[in-house]
Amino acid sequence: MKCRSCRAHAVVEIRRHHAAFCTEHFLAMFRTQVEKAIRRFQMMAPDDRIMVAVSGGKDSLALWDVLLGLGYDVTGLYLGLGIGEYSDRSHQAFADARGARLQTVDLERDHGYDIPTAGRRGSRSTCAVCGLSKRYVFNRAALEGGFNVVATGHNLDDEAATLLGNTLRWQTGAIARQSPALPARDGMVRKVKPLHRLSELETAAYAFLRGIDYVVEECPLVAGNTQLRYKEAMNAIEHTSPGTKAQFFLGYLERGMPLFRSEDRAELRPCDECGQPTTGRFCAFCRARAQILGERLGGEPEPTDREVAEELADEVLPVEIYERAGR
Ligand code: SF4
Ligand SMILES: [Zn+2]
Ligand SMILES: [Zn+2]
């Protein structure tokens with residue numbers, strides 16, 4: 001196989017493009033796709049302060065690496081979930097090797113619970129409370145640290161799987177919110193997904209070719225994650241019809257998303273417990289945390305299972321594994 005650009009020996013084949021690339025031209029193609037995503041959705045500008053959500057897996061480290069290479073002002077934030085020790089190393093080594101800034105938040109140390117405990121004690125599934133915790137911690141850390149953008153390593157496979165799940169259940173609200181760039185609003189920083197045009201295979205190849213030592217173990221709790229089943233279904237279709245995944249998600253962005261766009265957004269107000277934005281008196285994170293720790297919020301009785309289910313439907317985006325490895 002020869003490189004599409006220079007006819008040298010190719011190291012990566014991209015079936016959906018019917019193309020292969022040498023190391024140099026694969027890395028160039030990868031950066032071009034990220035720049036295209038950033039430009040198309042006006043994700044970030046050179047004077048933005050960007051926080052990258054880092055797990056230690058291939059996607060988040062590839063994202064951190066490519067944004068540093070493009071000259072953006074980027075700081076990594078690692079969130080310790082308490083799921084074993086499996087992802088506790090690579091992000092630190094990455095930051096040390098590049099002199100990159102890294103912050104850490106630890107759920108147990110800073111908020112009093114870890115994800116395995118949350119899964120056992122709360123009324124949410126483990127992955128639901130994990131996704132909720134990530135969204136909360138990254139937004140709060142960004143606000144408190146003066147960052148105006150949070151970038152996550154969601155790739156094309158993640159996004160296509162989420163869209164498939166939302167479409168199978170016709171969750172129109174969630175479909176409308178599935179944009180690679182969510183603008184800032186009342187206490188919520190801008191959220192962007194610069195890798196959404198690149199597949200899981202491509203981010204793995206990028207990390208490998210850039211010599212990034214990433215965590216390859218899967219989260220041991222992933223078995224309960226419905227997202228994984230949608231990914232497997234998408235992969236089965238992709239195997240026989242290369243390009244379907246990209247057509248599905250990138251086609252949605254071009255032609256589907258405008259049809260689902262909705263203007264009616266609930267008013268946000270500060271949570272009585274933590275001050276972060278919410279639609280009710282207490283935010284979903286504080287309610288979940290209180291339930292896990294067996295505490296009461298402001299003298300209010302604990303919510304019933306039904307109330308929690310309604311709140312999840314209203315406030316919480318569908319669970320997204322923004323990286324399979326290491327989350
Ligand atoms: S699979 Fe992902 S979302 Fe689920 S518990 Fe593990 S890291 Fe969290
Ligand atoms: Zn080449
Ligand atoms: Zn709160």
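Ala 53 finds its bridge partner in strand E4 at Leu 77. This pair belongs to a predicted model, in which local features need pLDDT of at least 70 and side-chain atom pairs count only at pLDDT 80 or more, while totals for chains, interfaces and linings use all residues. Residues are numbered from 1 along each chain as its sequence is written, chains are lettered from A and ligands numbered from 1 in the order in which they are written, and side-chain values use heavy atoms, with hydrogens and water left out. Strands (E, at least two residues) and helices (H or I, at least four) are DSSP runs, numbered from the N terminus.

E3 and E4 run parallel and are joined by six bridges. The chain passes from E3 through H2 to E4 in a right-handed β-α-β crossover (with the strands pointing away from the viewer, the path from the first strand over the helix to the second runs clockwise). Leu 77 also stands opposite Gln 103 in E5. Strand E4 (residues 73-80) pairs with E5 in the parallel sense, over six bridges. Asp 106 in E5 is the bridge partner of Gly 80.

Helix H6 (residues 126-145) packs on the sheet and touches E3, E4, E5, E6 and strand E8 (190-192). The direction of H6 makes about 140° with that of E4. Axes are lines fitted to C-alpha atoms, for helices over the stretch in contact (heavy atoms within 4.5 Å), and angles run from 0 to 180 degrees between N-to-C directions. Helix H2 (residues 58-69) lies across strand E3 (49-54), E4, E5 and strand E6 (149-151). H2 runs at about 155° to E3. Seven of the eight residues of E4 are buried (under 20% relative accessible area, with exposed over 50% and partly exposed in between; 1.4 Å probe, protein chains only).

The open sheet has six strands in the order E5-E4-E3-E6-E8-E7, with mixed pairing. Strands pair if DSSP finds at least two bridges between them. Strand E5 (101-106) and strand E7 (181-182) stand at the edges with a single partner strand each, so one side of each lacks a neighbour in the sheet.

Asp 157 lies in helix H7 (residues 156-168). Asp 157 is buried, at 8% relative accessible area. Neighbours within four places in sequence aside, Asp 157 is in contact with Ser 199, Glu 200, Lys 231, Asn 235 and Lys 245.
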